[in-house]
Structure formats: structure tokens, C-alpha cells
Amino acid sequence: MKALMVILFIVALLGVAFLFSVGLTWVICWAFGLQFSWKIAVGVWILVIILKSIFGARK
């Protein structure tokens with residue numbers, strides 16, 4: 001049961017991060033008069049994850 005709660009928590013965190021990224025992408029598109037696309041939003045989200053893994057792994 002505890003493992004299921006941890007998995008659900010991780011999925012919830014990823015969902016919140018995704019919604020935040022999509023919302024920020026939509027606001028930027030709206031502010032600059034660009035057309036919003038889900039492909040762009042998902043790409044930005046993946047790019048943020050990759051950049052965090054590259055630059056956040058310093059010890």
C-alpha cells in the first residue's frame with residue numbers, strides 16, 4: 001500500500017509540473033501573439049526535464 005502511495009505521489013508531482021509548464025507556455029504564446037500547440041508545450045516540458053537533469057546533477 002505504501003508503494004502505491006509513493007507512485008501516486010510521483011505521478012501527481014509530474015502532473016503538476018506538466019500543467020505548470022503548459023500554462024506557462026500558453027501565457028508566453030498569448031503574450032507574444034504566437035499560436036499555442038500541444039506539441040510545443042510537451043516539447044518545452046521535456047526540455048525542462050532534460051535541462052534539470054543535466055544542470056541539476058552537480059554535487
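Two helices, α1 (2-32) and α2 (38-55), each give at least two residues to the lining of the largest pocket. Helices here are DSSP runs of H or I with at least four residues, numbered from the N terminus. Keep in mind that this is a predicted model, where local features need pLDDT of at least 70, side-chain atom pairs count only at pLDDT 80 or more, and totals for chains, interfaces and linings use all residues. Residue numbers start from 1 along each chain as its sequence is written, and side-chain values use heavy atoms, with hydrogens and water left out.

So what about that pocket? Its volume is about 210 Å³. Of its 13 lining residues, Ala-17, Ser-21, Trp-45, Val-48 and Lys-52 are the closest to the centre. A pocket is an open set of points on a 1 Å grid, where a 1.4 Å probe fits, with protein on both sides within 12 Å along at least five of seven lines; lining residues have an atom within 4 Å of a point. Helix α1 brings the largest share of the lining, eight residues. By type, the lining has ten nonpolar residues, two polar and one charged.

Terms used: Points joined across faces, edges and corners; volume = space filled by probe spheres on them. Nonpolar A, V, L, I, M, F, W, Y, C, P; charged D, E, K, R; others polar.
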